[in-house]
Amino acid sequence: MAIKLTRKMFVNTCFISFGSTRFLVGLNSNHDPRFFLGKTFGGFEGSGFISRPQFFCRATCAERLSWEGSSHEVLLSKLENALKDLKLDEAWETFNDFKRLYGFPSHLLVSRFITQLSYSTTPHWLLKACDLVMMVLKEKSNHLQPDMLTKLVLSLARAQMPVPLSMILRLMLEKGLLPPMNVLHLLFLHMVKTEVGTCIASNLLIEICDYYMRVCSGKSHRANLLKPDTMIFNLVLDSCVRFASSLKGQQIIELMSQTGVVADAHSIIIIAQIHELNGQRDELKKFKDHVATLPVAFISHYRQYLECLLNLHFKFDDIEAAAELLLGMNRSWESRPMKDSGKDYQKPCFVPIGSQNLRNGLKIQVMFEHQQNNSALKAEGKSDLVFCRDKKLFPSNSALSKLINGYKRHGKINELSKFLVGLKKELDSSGQSSLLSDVIDACISLGWMEVAHDILDDMESLGDPLGSSAYEALLTAYYKRNMFREGDVLLTQSRKAGFVMEVANNSVICKNVAANVGRSSLCIKEASSICQPTLSECLVQEASGSDKAISPITYELNSSIYFFTKAKMMGDALNIYRRMQKMKIQPTEQTFMYLVCGYSSLEMYRDITILWGDMKRIMESRTLTVSSDSYEFLLLNFLRGGYFERVMEVIGYMNKCNMYIDKCMCKNEYLKFHKNLYRSLKASKARTEVQGKRLEHVQAFKKWAAIS
């Protein structure tokens with residue numbers, strides 16, 4: 001109880017400190033402080049105190065304090081004045097003094113103090129604000145108001161402090177007090193700027209969606225206030241693409257379906273990039289028919305989607321599908337008006353995820369024509385394979401080089417020639433120069449003389465022979481390489497085509513000057529002002545790097561595993577995995593994660609531990625790289641299954657790779673599934689050695705996650 005200070009009883013007051021404890025005492029004018037200590041504490045000398053008391057105020061100061069009432073009021077007044085004068089150091093010290101003596105002040109003053117700390121731009125004081133929130137949570141949780149916490153998380157977001165931000169936002173989520181949607185937009189916009197922030201933002205979005213779905217099941221009126229919108233999903237998905245977090249991105253896509261969030265035009269481009277990273281061509285092809293029916297006004301936006309699909313055709317070594325896409329990507333657009341008034345573009349379409357034949361399969365709602373004007377995302381993406389100009393799409397030199405190299409590997413030069421004729425018609429209708437001579441030059445530069453000669457023959461048989469420049473270039477190359485027999489054959493062939501050529505000192509001179517008209521100097525004039533590599537340069541790069549790519553059969557087998565795991569047919573999925581091992585085909589990260597996801601959906605955690613053993617063996621040979629997404633998903637599944645030895649193994653691998661681990665998420669997962677596990681059991685009382693070991697791993701995890 002505070003000692004009342006009245007003018008009649010006391011003249012002087014002072015603070016007396018013993019160690020870290022201070023006492024506000026009043027002294028009679030005839031008494032010495034030592035007299036007061038002797039009466040109050042039973043004497044000073046030999047009383048057990050380590051150090052002598054320290055006096056912090058004089059009689060002059062005490063005279064003023066004596067009029068202010070009790071020490072309770074003095075400390076409150078001091079705290080209020082410190083906050084008013086923005087003296088945070090003094091406010092923090094005074095607050096701690098008051099809390100030690102009287103507990104927390106009023107909730108209004110606590111809220112004011114936290115708000116004042118939140119306005120600071122210094123990380124030190126923002127962390128103090130978080131510490132204060134956690135202190136209040138333990139004793140006076142009703143003091144925590146939504147507006148106050150919203151101001152704090154905004155300040156943490158602007159200061160790029162995603163870890164404490166996630167702590168406060170999770171606290172708000174537990175109470176069902178999420179900030180308004182426009183504030184959530186800002187929070188996620190700041191978080192996804194960094195890789196760690198992206199990891200935290202994606203985990204928070206997953207937790208918000210889980211909470212929303214639980215609330216929906218109870219038909220709570222708060223459901224609509226907790227439902228994330230398309231903008232938040234787009235921000236997180238886009239950051240997953242930027243930081244190559246494709247497996248987490250796949251999980252977010254499925255959450256869009258489960259929560260009923262409608263994807264827009266921006267969503268489709270980001271989803272396409274995630275499917276491309278995961279090698280999920282079948283998923284990407286499901287959007288093709290919908291995109292093809294859109295007006296020509298959307299051609300520039302959906303160029304990126306076609307680029308992703310084309311790249312997957314090349315990864316699957318499906319050259320025919322790639323050629324068909326390149327030749328037909330303008331035809332559907334050209335047949336449609338700028339806006340089809342007879343079609344309702346505001347009605348969402350449903351696109352299946354996984355097999356279209358699954359009765360309970362997921363379906364995502366999409367509005368392909370809807371674009372948010374206030375979106376913080378950029379619609380433009382990479383244009384390595386397809387570029388757009390004047391409302392038309394064209395293949396880049398890189399795309400052509402992949403196609404030429406693919407046809408050559410398959411020995412289908414005749415099909416290549418037919419493709420080039422079809423593409424030539426597309427380019428000629430757009431005012432482009434012929435590209436056939438450049439293809440011949442590119443093949444010659446790589447020493448593919450036979451391919452170049454076959455193309456010349458095919459063009460003649462198709463009734464569309466090339467100009468003399470192509471014959472001249474190939475004939476010169478033959479003679480320079482001392483391939484005289486082939487050169488003589490071509491020379492005879494060129495004369496039959498009507499070209500008069502003479503050979504002197506391995507030099508070829510064409511006397512039909514008019515025949516050279518139409519010779520192009522560039523294959524395709526790309527829209528970018530940046531100098532693009534020539535077709536020859538692209539073809540050299542493609543031919544030299546084709547052996548380093550993942551085998552197309554791996555993509556095919558992974559697609560089959562993905563299909564079976566979505567259908568919960570784990571026996572068939574495992575058979576494909578075993579076949580990969582027998583064929584000595586290197587499994588990829590996607591191979592293991594599709595299997596892990598399948599087992600996780602069926603809560604078959606023991607089977608995941610077996611897969612983890614296979615992963616470790618391959619990682620030791622340094623032929624498998626595992627991302628933080630995979631480690632995190634394994635960590636969560638081992639936590640749910642209670643395999644704490646495996647949990648600590650995964651944590652060790654992540655620490656070794658300097659990967660961020662969301663401890664708060666792991667802690668919540670533990671408390672959700674194992675809150676009372678081994679709560680009172682000690683290692684000395686373990687019944688078996690196995691139980692003792694497990695207890696040891698549980699305690700190690702609890703220490704790591706700071707679980708008391």
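**Local packing in a predicted model**

Leu165 counts as buried, at 0% relative accessibility (buried means under 20% relative accessible area, exposed over 50% and partly exposed in between, with a 1.4 Å probe and protein chains only). This is a predicted model, in which local features need pLDDT of at least 70 and side-chain atom pairs count only at pLDDT 80 or more, while totals for chains, interfaces and linings use all residues. Residues are numbered from 1 along each chain as its sequence is written, and side-chain values use heavy atoms, with hydrogens and water left out.

- Leu165 is found in helix α8, residues 162-174 (helices are DSSP runs of H or I with at least four residues, strands are runs of E with at least two, and both are numbered from the N terminus).
- Leaving aside neighbours within four places in sequence, Leu165 is in contact with Val153, Leu156, Ala157, Leu187 and Met191 (contact means heavy atoms within 4.5 Å).
- Leu127 lies 38 residues from Leu165 along the chain, and their C-alpha atoms are separated by 9.8 Å.
- Ser245 sits in the loop between α12 (230-242) and α13 (246-259).
- The relative accessible area of Ser245 is 10%, so this residue is buried.

**Helix α26**

- Leu535, Cys538, Leu539 and Glu542 are buried in α26 (residues 535-545).
- Seen down the helix axis, the buried residues of α26 fall within an arc of 100°, so they line one face of the helix (the arc is that of the directions from the helix axis to the C-beta atoms).
- Gln541 and Ser544 are exposed on the other side of α26.
- The cover over the buried residues of α26 includes α20 (397-410) and α22 (436-445).

**Helices α4 and α5**

- α4 (residues 88-102) packs with α5 (residues 107-118) at an angle of about 145°, and their axes are 12 Å apart (axes are lines fitted to C-alpha atoms, for helices over the stretch in contact, and angles run from 0 to 180 degrees between N-to-C directions).
- Leu88, Ala91, Trp92 and Phe95 of α4 meet Phe113, Gln116 and Leu117 of α5.

- Strands β6 (residues 386-389) and β7 (residues 392-395) run antiparallel and are joined by four bridges (two strands pair if DSSP finds at least two bridges between them).
- Arg389 has Lys392 in β7 as its bridge partner.
- Two residues lie between the strands of this hairpin, where Asp390 takes a positive phi near 55°.
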